[in-house]
Amino acid sequence: MFKPCIVVPVYNHEHAVTAVVQGLLRHGLHCILVDDGSAAPCARALDALALAEPSRITLLRHAVNQGKGAAVLSGFAEAGRRGYSHLLQIDADGQHDGADVPRFLAQAGAHPAAVIAGCPVYDASVPAARLYGRYATHIWVWINTLSLQIKDSMCGFRVYPVAPVLALARAGALGRRMNFDTDILVRLYWAGLEVRNLPTRVAYPADGVSHFRLWRDNVLITRMHTQLFFGMLWRLPRLLARHWRRP
């Protein structure tokens, strides 16, 4: 049974989140908002959304900021409790094109055991440092999976099957901050899931808010790549066998 929902992790995106959520509700899916310890202006915006659509929006709240990964995992736990089979994750900052939701869901419905991962198509608004800085992570992901299957591991627009993610969360630690999106894709690939890449437009609004913390998050990401590399080494025979089995 294919029963998807949407999860939006939110941290101080009061200027964008109302429009993002209103756009998502047009697609007829239940929307789980996870307030990751936002300040009062964003918390009020989320309260207003949940109050206006109590049957279509569930609002979860972290008392203090725990990180994007922690927020998404709280959404997964709620999706599992509610019996959803798939979870569409999309960021709250307005960078992603919500009109692509039906395309992502169609791919997930056709390939329910796969992760449908957004592959960004940038417009002229993308900062050059962000565009080219992503390639270091791309290269490490290709090394740590021995594969080019994951085209972009950092895009916050994707569809997951719920059960494998919940199993991963129970089995061990996943990245809980900005390291989450890459960490979980690599580990799901290791678990045998196919990753299907779907191009999607990404824009950087001039008044957009970024919560990337240069030193803290780069340290976390570096540590993640190191841990994944050593995890890849002892999975090496299985990963090589996976390539040999492909037609």
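# Exercises on helix H2

Of the 247 residues of the protein chain, 50% count as buried (under 20% relative accessible area, with exposed over 50% and partly exposed in between; 1.4 Å probe, protein chains only). The model is predicted, with local features needing pLDDT of at least 70, side-chain atom pairs counting only at pLDDT 80 or more, and totals for chains, interfaces and linings using all residues. Residues are numbered from 1 along each chain as its sequence is written, and side-chain values use heavy atoms, without hydrogens and water.

**Exercise 1.** State which residues of H2 are buried and how they are placed around the axis.

Step 1. The buried residues in H2 are Cys-42, Ala-43, Ala-45, Leu-46, Leu-49 and Ala-50.
Step 2. Viewed along the axis of H2, these residues lie within an arc of 160° and so line one face of the helix (the arc is taken from the directions from the helix axis to the C-beta atoms).
Step 3. Arg-44, Leu-51 and Ala-52 are exposed on the face turned away from the buried side of H2.

**Exercise 2.** Describe how H1 and H2 are arranged.

Step 1. The axes of H1 and H2 come within 10 Å and cross at roughly 25° (axes are lines fitted to C-alpha atoms, for helices over the stretch in contact, with angles from 0 to 180 degrees between N-to-C directions).
Step 2. That makes H1 roughly parallel to H2 (angles under 35 degrees; over 145 is roughly antiparallel, 65 to 115 roughly perpendicular and the rest oblique).
Step 3. Val-17, Thr-18, Val-21 and Gln-22 in H1 meet Ala-45, Leu-46 and Leu-49 in H2 (contact means heavy atoms within 4.5 Å).

Terms used. Helix = DSSP H or I, 4+ residues; strand = E, 2+ residues; numbered from the N terminus.
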